[in-house]
Every structure is written in C-alpha cells, then in structure tokens.
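Dear colleague,

Please find below the sequence and structure that I am handing over to you. I would be grateful if you could look through them before reading the findings that follow.

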Amino acid sequence: MPGFELFGEQEKKQVQDVLDTGVLMRYGFDGMRNGQWKALELEKALEERMEVKHAQLVSSGTSALTVALASAGIGAGDEVIMPTFTFVASFESILAIGAVPVLVDVDDTLTLNPEAVEKAITKKTKVVMPVHMCGSMADLRVLKFICDKHDLILLEDACQAIGGTFEGKPLGSYGDLGCFSFDYVKTITCGEGGAVITNNEKYKTNADHYSDHGHNHVGKDRGAETHPFLGYNYRISELNAAVGLAQIKRLNEFLSIQKKNYKVLREALATIPEVTFRKVPEGGEESYAFLNFFLPDENSAKRAHQALGNGGVDACFYWYDNNWHYYRKWEHLTNLKSLAKLPQEVYNQLLDYSKSDFSKSDHWVGRTISCLIKLGWSETEVAERAQKMTDILREILK
Ligand SMILES: *Cc1c(COP(=O)(O)O)cnc(C)c1O
C-alpha cells in the first residue's frame with residue numbers, strides 16, 4: 001500500500017485507450033468505444049483473481065458497502081453488527097440505507113470479537129460486517145458459523161486487506177458478500193473506485209441495477225431500459241476502471257513486495273521482548289499492507305508513537321486517538337448529528353454509546369501501533385527503517 005507509488009507505463013496505456021475513444025461512461029455508446037470496455041474487463045479480472053462468480057464495480061469502497069447492503073435487501077430497522085475499530089464508511093453505509101449500526105468490541109485480532117458478536121444479536125440483526133483492518137482478518141470461520149446459526153448475512157469489508165486469504169480463499173470471497181476500495185491510498189488504486197464481490201447471482205443483479213439508477217441493463221439502448229426498482233448513481237467511470245485494470249494485474253507483484261518489506265521490519269521488532277504482534281486467526285494469511293504491533297500499555301504506545309514520528313519514521317499510526325477509525329471520536333454518530341432527519345428506527349434502536357463499555361477494545365487498540373508498508377522503499381531504506389524503529393522502541397522501553 002499504496003499502489004500509486006508504482007504507477008507506470010501500464011496505467012498510462014490503459015487510460016490512453018479510453019481517452020482515444022472519448023467514451024468515459026461504462027455503459028452504452030457501443031458504436032464509439034472501439035471495443036474498449038475497461039469496467040467490464042476489470043470486473044472479469046476481479047472475478048478471476050478473487051475466485052468468485054460475480055464482481056460489481058462502483059464509485060468507491062463506501063458505495064461498495066452501501067450497494068452490498070442494498071443488494072441483500074437490508075433497510076430501515078435492520079441491525080448491522082460492525083466493529084469499534086474500522087473506518088467511518090462502515091456506519092455511513094449502514095445509515096445510508098436506513099439501517100442501524102450496532103458497535104461491537106474488537107480483540108487482539110484488531111477486528112470483530114466473535115463472542116461479542118453473538119451477544120449483540122437481536123431479532124432485528126440481519127448482517128455481520130467484519131472489517132479486515134490494516135491487512136489482516138477477523139476469524140471468519142467462527143463468524144460464518146455464527147451467521148449460519150442465526151441466519152445472518154456475512155459481509156466482509158476487505159478494503160484494507162486485498163490479497164490476504166483465509167483458509168486459502170481470497171479475503172472478501174469467504175462471506176456472502178465482500179467489498180473492496182480502490183481509493184487514492186489503497187493497495188490497488190484507481191483514484192476513486194470500489195467493488196462488491198459475491199457468488200450470489202441475485203445479489204449481483206441487484207448490485208448491477210441499484211448502482212445505476214435501477215437500470216435493468218437489458219434492451220436495445222439505455223433509453224429503452226426499464227427500472228425494476230429504485231436505485232442511485234454509484235457508477236465507476238471508464239477512466240478510473242482503466243487505472244484499476246492496470247493495477248489489478250500487478251496485485252501479486254505488490255503483495256510480494258509488501259510481504260518482503262513487512263518481514264524485515266517484523267524480524268527486527270521481534271528482537272524486543274516487550275513488543276508483541278497482532279493475532280492472525282488460524283487459517284489466515286495477511287496481505288502485509290501494515291505491520292501491527294502491541295506495546296505493553298497505552299502509555300508506552302503513546303510515547304512510542306511520538307518518538308517514532310519525531311525520529312522521522314513516517315506512516316506509523318496510533319489509531320486510538322484517530323478521528324476516522326476508532327469509536328471514541330465518533331461523536332457525530334453517537335449524537336446522531338445528521339443534516340436531515342434519519343429514519344425513526346435509527347433514533348429508537350441506536351444504543352446510547354456514552355453508556356457502553358468498550359474497555360476490551362480500548363485494551364487492545366490503546367496499545368496498538370500500525371506502520372504502513374510501502375511499495376516504493378529500496379532495500380536500504382527498509383533496513384535503515386528497521387534499525388531506527390528498534391533503536392527508538394528500545395529507548396522508550398528502557
Ligand atoms: C478505505 C476504506 C473504506 C472506504 O473506501 P472509499 O473508497 O475511501 O470510500 C471502507 N472501509 C475501510 C476499512 C477502508 O479502509
């Protein structure tokens with residue numbers, strides 16, 4: 001992460017193809033497009049790479065989550081279980097379709113704790129949404145078991161972990177639906193873009209129609225198409241898809257660079273006895289987009305984060321104090337500050353999070369530091385970084 005570090009000739013060539021036709025729209029204009037269907041091609045490439053029957057491209061990862069929920073018929077009054085540690089897109093997408101976000105603790109995997117998930121299930125629960133934060137995954141085997149037992153949909157947010165696997169399956173393909181983001185800082189980037197993947201034909205058809213104003217995409221031309229149901233515009237443009245197409249072909253190359261760089265840093269930090277690493281559930285293989293480690297407590301983590309920054313080690317994050325990623329700073333959600341009135345169910349059902357006890361999440365996230373693994377580092381840069389990080393952490397822990 002991020003893929004823009006290695007933009008090159010392939011990306012330029014794909015974009016040029018589109019500009020040469022002048023058709024920036026993914027549908028229609030058949031006569032003008034000179035055989036160029038970048039979005040369709042990228043969907044096929046994703047289906048192949050992610051080993052699923054269907055992929056639907058959309059305009060962002062946030063819209064992918066919204067479209068995935070809508071395609072499964074989720075709406076007003078339905079509850080969606082999501083983690084306290086994620087990105088704001090999780091609850092934004094849930095609220096966008098009128099459903100109710102239910103926050104649940106994370107554990108040492110830094111994603112949904114299955115026991116806490118089971119405790120949060122009510123008659124209104126419809127979806128469990130694990131978010132595979134910072135390159136590693138939730139325990140999907142246990143979550144799938146819980147979902148099957150309670151007849152719930154398992155929707156994986158794999159936006160930060162593209163290329164990771166669980167029990168040999170690509171992340172995103174294990175549940176009923178999976179979502180990716182190709183925004184400007186993700187491992188595969190096309191500026192703005194996202195995708196929903198699924199093996200369920202009905203979900204794919206729904207996602208295809210819903211993301212394009214409800215167009216059914218059958219008929220001679222767009223004007224003749226009918227609308228089986230209400231939709232919205234969550235389309236991706238051909239220009240963005242073109243960049244994504246060049247990037248997806250390089251995913252395996254990016255993953256091997258991430259893994260190599262990650263390994264050097266991890267081996268260096270592993271020599272410090274007080275530093276421990278995030279738990280990867282059995283059967284999982286990370287995407288190695290981040291190296292996530294624990295300090296002994298909140299205080300040492302805060303000091304370590306400060307010292308790393310001061311020492312010039314960039315791109316290391318302390319999520320506990322972060323506005324986007326951790327529930328403690330989601331005042332706009334907990335106070336339901338909305339421009340427009342939300343569905344009544346949201347006011348009735350949203351829990352009062354000022355009274356919630358998320359001390360288990362605080363215990364883990366308060367001690368966590370996550371360092372982004374970059375693609376563009378030279379071998380020397382990685383080695384120097386490893387040395388600098390260990391020196392700084394040893395000093396802090398003295
Ligand atoms: C980036 C991200 C999203 C949203 O993606 P956008 O393309 O930026 O809308 C959703 N979930 C997670 C975990 C993300 O990191």
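The notes below concern the ligand and the pocket. Please bear in mind that this is a predicted model.

Ligand surroundings

At D183, an N or O atom of the side chain is 2.6 Å from a ligand oxygen. At G61, a polar atom of the backbone is 2.7 Å from an oxygen atom of the ligand. At Q160, a polar atom of the side chain lies 2.8 Å from a ligand oxygen. Of the 380 Å² that the ligand exposes when taken alone, the protein buries 94%.

The pocket

Where does the ligand sit? The space it takes is the largest pocket, which has a volume of about 600 Å³. This pocket is lined by 27 residues, and Q160, D183, V185, K186 and H325 lie nearest its centre. By class, the lining comprises 16 nonpolar, seven polar and four charged residues. Helix α3, residues 61-71, provides the largest share of the lining, with three residues.

With kind regards

Terms used: Residues are numbered from 1 along each chain as its sequence is written. This is a predicted model: local features need pLDDT of at least 70, side-chain atom pairs count only at pLDDT 80 or more; totals for chains, interfaces and linings use all residues. Side-chain values use heavy atoms; hydrogens and water are left out. A polar contact is a pair of N or O atoms within 3.5 Å; within protein, one must be able to donate a hydrogen and the other to accept it, and residues adjacent in sequence count only if both atoms are side-chain atoms. Accessible areas come from the Shrake-Rupley method with a 1.4 Å probe; for residues, only the protein chains shown count as cover. On a 1 Å grid over the protein atoms alone, a cavity is a set of points where a 1.4 Å probe fits but cannot get out, and a pocket is an open set with protein on both sides within 12 Å along at least five of seven lines; lining residues have an atom within 4 Å of a point. A molecule sits in a cavity or pocket if more than half of its atoms lie within 2 Å of its grid points. Grid points are joined across faces, edges and corners, and a volume is the space filled by probe spheres set on the points. Helices (H or I, at least four residues) and strands (E, at least two) are DSSP runs, numbered from the N terminus. Ala, Val, Leu, Ile, Met, Phe, Trp, Tyr, Cys and Pro count as nonpolar, Asp, Glu, Lys and Arg as charged, and the others, Gly among them, as polar.
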